[in-house]
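Look over the sequence and the model first. The report below then goes from the core to the sheet and the chain contact.

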Number of protein chains: 2
Amino acid sequence: MSTTRAVVLLSGGLDSATCLAAALAEGRTCTALSVRYGQRHAVELDAAARLAARHGVDHVVVDVDLRAIGGSALTGDIDVPHTDPTSDGDSVGIPVTYVPARNTVLLALALGVAEVHSADEVWIGVNAVDYSGYPDCRPEFIAAFQTVADLATAAAVVDGRSPRIRTPLIHLSKADIIRLGHDLGVDHAATLSCYDPIDGLACGTCDSCRIRLAGFASAGLSDPAPYAGQHSDPSGDER
Amino acid sequence: MSTTRAVVLLSGGLDSATCLAAALAEGRTCTALSVRYGQRHAVELDAAARLAARHGVDHVVVDVDLRAIGGSALTGDIDVPHTDPTSDGDSVGIPVTYVPARNTVLLALALGVAEVHSADEVWIGVNAVDYSGYPDCRPEFIAAFQTVADLATAAAVVDGRSPRIRTPLIHLSKADIIRLGHDLGVDHAATLSCYDPIDGLACGTCDSCRIRLAGFASAGLSDPAPYAGQHSDPSGDER
């Protein structure tokens, strides 16, 4: 049986780490792809490198400076909010941490890597449940990008071969993702989900940290990752 | 009447310069977008800056290092061919100057800029006639990307607003593009199409130079751009 090769987008956060573990559990030969896009939380790339090394997979890092585009708290001068989004009636909008066209850019880069590596699949850890309101995490967006992938590359034209976009987390809640990662042996302590880390540690109060912590609580597990200040779990173990 | 805002992908080559002129001729308020993607012919970005300045339009430059992906003569260690592609039976394949997923990456970045600038359109100078065999210059690729653009952004979700992808050159031959540019007052001398410039001057022998020179010949015009060596036109004028 020939090997199925996969490019896995790996930010270093909880979801992408689980996505990588799921691809490996399905027997894929993986290349992890991380993108340094000018995110203020670039320390997540260290987490990505740790995770890739731990799993013994190749790790490609591509630089794209989305700061030149702006329009986001993650790349620009807008502050990352540290208030509970459910407390101010703002939770139905698109948060300021949305990065314009980010997942389109990430998938485009993954498509290029997939072509060069003759990969059969591109895995991305988007989810449409606890997705913070990002438009480019929805199934219809992924389906549209699949059509682009089927037409965009030389491999598609010459060999009729294009990577299948895999989104194993798309319909899972954050608690489900955490349970899945736990079952797959994801080292949650090595992941970093924070949008606004303090000295390399998760802040515990940004949207991403709040969603993560609520997910661990809902899953009945404690988060073993280190947090700046009061959110740290002194035990360091997942229950 | 409100202004129609357009983001125009501007490489500094003949086609994108004509595309910008066409957008301006339609009364668009334009933002030119150039992408420094690790191309060996990065001197084309100087041409883009000259063209943007000449037309008095804003110019955004985004860096993305596609060299980390590789797989192309334009970004990697593969040599740019300087033989006539029609002489060796290789003209039906995908040339080594194809950059994996390049136009998908360019359009993704343009989509981000369009969202931040509230642009109504994205213009790209692809053409499917003398397109060198690139898969991501075909109308079906553009149509697929339009569907992505209609779903990917916050603007699409919140306001139902997404930029229309405009491809005014897609069905034109290179000679037609040159004639159109001539009619629109494009400063052809300021453009650079070469894949492998010599001291900032077009080589005259790579695929892109050959297609350009054949296009000028077919249009009954001479190319006013400076070339390294014997292909220079001492008159410096278009006839």
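Which residues touch the most other members of the largest nonpolar core? They are Val8(A), Leu33(A), Val8(B) and Leu33(B), in a core of 159 residues. A nonpolar core is a set of buried Ala, Val, Leu, Ile, Met, Phe, Trp, Tyr and Cys residues joined through C-beta atoms within 7 Å. Buried means that 20 or more other C-beta atoms lie within 10 Å of a residue's own, with C-beta atoms placed from the backbone.

This is a predicted model: local features need pLDDT of at least 70, side-chain atom pairs count only at pLDDT 80 or more, and totals for chains, interfaces and linings use all residues. Residues are numbered from 1 along each chain as its sequence is written, and chains are lettered from A and ligands numbered from 1 in the order in which they are written.

In chain B, five strands form an open, parallel sheet in the order β3-β2-β1-β4-β5. Strands (E, at least two residues) and helices (H or I, at least four) are DSSP runs, numbered from the N terminus. Strands pair if DSSP finds at least two bridges between them. β3 and β5 of chain B are at the edges with a single partner strand each, so one side of each has no neighbour in the sheet. β1(B) and β2(B) pair over five bridges. Val7(B) has Thr31(B) as its bridge partner in β2(B).

The contact between the chains (C-beta atoms within 7 Å, placed from the backbone) draws on both:

| Chain | Residues in the contact |
|---|---|
| A | 39 residues |
| B | 39 residues |

On the chain B side, α3(B) gives the most, with nine residues.

Terms used:
Buried ≥ 20, exposed ≤ 12 C-beta atoms within 10 Å, placed from the backbone. Contact = placed C-beta atoms within 7 Å.
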